[in-house]
Amino acid sequence: MTADRETRRDVPWATAREYAHAAAEPTPPVRVTLDRAAGLVLAADLVAATPLPAFDTSAMDGFAVAGTGPWTIVGSARPGRSWTGGRLEDGHAVEISTGAVVPPGTRAVLPVERATADEGGVSGPTPPNGKHIRHTGEDAAAGARLAPAGTRVGPALFGLAASCGYDELLVRRAPAVRAIVTGGELVRHGRPGPGRVRDALGPMLPSLVADLGGRLDGLVHVPDQPSTALGEAVEAAADADVVVVTGSTSVGVTDGLRRLLGERGARWIVDAVACRPGHPQLLARLRGGPYVIGLPGNPFAALTAAYTLLGPLLAGLSGRVLGRLPQAPLITAVPAPAGRTRVVPVAWDGPGVRALGGDRPAFLNGAALGDALAAVPHGIEPGQPVPLILLRG
Ligand SMILES: Nc1nc2c(c(=O)[nH]1)N[C@H]1C(S)=C(S)[C@@H](COP(=O)(O)OP(=O)(O)OC[C@H]3O[C@@H](n4cnc5c(N)ncnc54)[C@H](O)[C@@H]3O)O[C@H]1N2
Ligand code: MOO
């Protein structure tokens, strides 16, 4: 065993997340059209290509007025059809719609509700200078940074990019993940027979990987025997960015993942995490090849391990920062053993979070119902804040 591996053994939970994130080399940037950018991550700052708004815009339906009232109505301005009469003179008004270009010389816009219009004229209180006008560049000047590289493209960012004229974005593609589900006892359909176990992880992985920012582009099931099968499956996934192996992370005779990584001279990044459940999880990188994540076979342990190592790794690969986790006071007692973090499903339906139970390593009940996973270090008293991994968008 290398000295390097020694230092990567039984890593504290928060440190394990940092190691996974720091080990990731971001995928190369690609330019994609807006309709293909959903969920991807900006590879460069998004800067305002035009001022926002791009022109002095009326924020109300009413009258663009110059000087003090009453005013003579000299024309109209509609979105896409501007007033062409030049500079508005004092005592003149242009009937204007929300979104139309405000004529030069306008003092303010008098909303229709405040105006009394009759044949050719309009009166009402003289509005303060600039009222109800969205001025050119008021939201952002041309060239201003709207979103930093590393931002995940979501609905608002699409709208923002389109607002200032982008048709394409420079992004990093979602890292390609290949999954290998191990276990000779697993069945994939129906109720398991005696001594058999229904595969819970295969159905869980596509949405889990997508939520964490990756793209699952293949999933195979591999039996424990012959013992060469896992190696062959890992070999076949060599072109992926990340290979996720479920099961086989422990030290039993049927658990071959650590042995396989040792034989191939993989570089250890995290060799087990000081948490419960999910202790035997691991992260290594094959020489010149993909990262390999080992998720324990117990389903809740696998889920917590995915949030511990896979999430930060995928964030790093797509150029996202590892943001600080939100925190909330834990209002129930959750004893964690010395030196270990306990990861438990919690409900967040008030000022604090409360443990839900249903959190034994093989049981997904609590996580299926929970709002978040709380990472509870040893010695936390009820009322103290704990970091949370949110399970709902
Ligand atoms: N001597 C030791 N034994 C174990 C240790 C240890 O430190 N020393 N750690 C335990 C912990 S903690 C865990 S977690 C498990 C991890 O085991 P593996 O990752 O090797 O997984 P398996 O042995 O294959 O399976 C464990 C358990 O999970 C069930 N399983 C596996 N895959 C699936 C699946 N896709 N869907 C549903 N259930 C699955 C499997 O049937 C077993 O019941 O090791 C402990 N042992
Ligand atoms: O820690 Mo294991 O991961 O208890 O289930």
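A residue is called buried if 20 or more other C-beta atoms lie within 10 Å of its own, exposed if 12 or fewer do, and partly exposed in between; the C-beta atoms are placed from the backbone. By this count, 41% of the 393 residues of the protein are buried. The structure is a predicted model: local features need pLDDT of at least 70, side-chain atom pairs count only at pLDDT 80 or more, and totals for chains, interfaces and linings use all residues. Residues are numbered from 1 along each chain as its sequence is written, while chains are lettered from A and ligands numbered from 1 in the order in which they are written.

The overall fold comes first. The protein has 8 helices and 27 strands. These elements are DSSP runs, numbered from the N terminus: helices are H or I runs of at least four residues, and strands are E runs of at least two. The radius of gyration is 29 Å, well over the 21 Å that the globule rule gives for 393 residues, so the protein is more spread out than a compact globule. This radius is taken over C-alpha atoms, and the globule rule is 2.2 Å times the number of residues to the power 0.38. Along the principal axes, the C-alpha atoms fill a box of roughly 95 × 45 × 45 Å. Contacts were also counted. Two residues are in contact if their C-beta atoms, placed from the backbone, lie within 7 Å. Among contacts between residues at least 6 apart in sequence, 68% join residues at least 24 apart.

One region carries a record. UniProt, in an unreviewed entry, places the feature "domain: MoaB/Mog" at residues 178-316. UniProt positions are given in the numbering used here, feature names are shortened, and annotations may be inferred rather than shown by experiment. Over residues 178-316 the chain is 32% helix and 29% strand. The end C-alpha atoms of this stretch are 17 Å apart.

Helix 4 spans residues 201-211. Its buried residues are Leu201, Met204, Leu205, Leu208 and Val209. Seen down the helix axis, they fall within an arc of 120°, so they line one face of helix 4. The arc is that of the directions from the helix axis to the C-beta atoms. The face turned away from the buried side carries the exposed residues Pro203 and Ser207. What covers the buried residues of helix 4 includes strand 15 (176-182), strand 18 (215-222), strand 19 (242-246) and helix 7 (299-317). Gly213 follows helix 4 and has a positive phi, near 100°.

Two ligands were examined. A residue is near a molecule if its C-beta atom, placed from the backbone, lies within 6 Å of it. Ligand 1 is surrounded by 26 residues, and the closest are Gly247, Thr249, Ser250, Pro296 and Gly297. Its shell divides into 13 nonpolar, 10 polar and 3 charged residues. Here Ala, Val, Leu, Ile, Met, Phe, Trp, Tyr, Cys and Pro count as nonpolar, Asp, Glu, Lys and Arg as charged, and the others, Gly among them, as polar. Around ligand 2 stand Arg276, Pro277, Gly278, His279, Pro280, Pro296, Asn298, Ala301 and Pro361. This shell holds 5 nonpolar, 3 polar and 1 charged.

Some backbone angles stand out for description. The peptide bond from Arg276 to Pro277 is cis, with omega near -5°. Pro277 lies in the loop between strand 20 (267-276) and strand 21 (282-285). The bond from Gln225 to Pro226 is cis, with omega near -5°. Pro226 is in the loop between strand 18 and helix 5 (229-236). Ser248 is not a glycine, yet its phi is positive, near 65°. Ser248 sits in the loop between strand 19 and helix 6 (257-263). With 25 other C-beta atoms within 10 Å, Ser248 is buried. Asp10, in strand 1 (residues 9-12), is not a glycine either and has a positive phi of about 50°. Asp10 counts as partly exposed, with 15 C-beta neighbours inside 10 Å.

Gly67 lies between strand 6 (62-65) and strand 7 (71-77). Beyond its neighbours within four places in sequence, Gly67 is in contact with Asp90, Gly91 and Arg107. Leu325 is in the loop between helix 7 and strand 23 (327-329). Not counting residues up to four places away, Leu325 touches Pro387, Leu388 and Ile389. The C-alpha atoms of Leu325 and Ala14, 311 residues apart along the chain, are separated by 10 Å.
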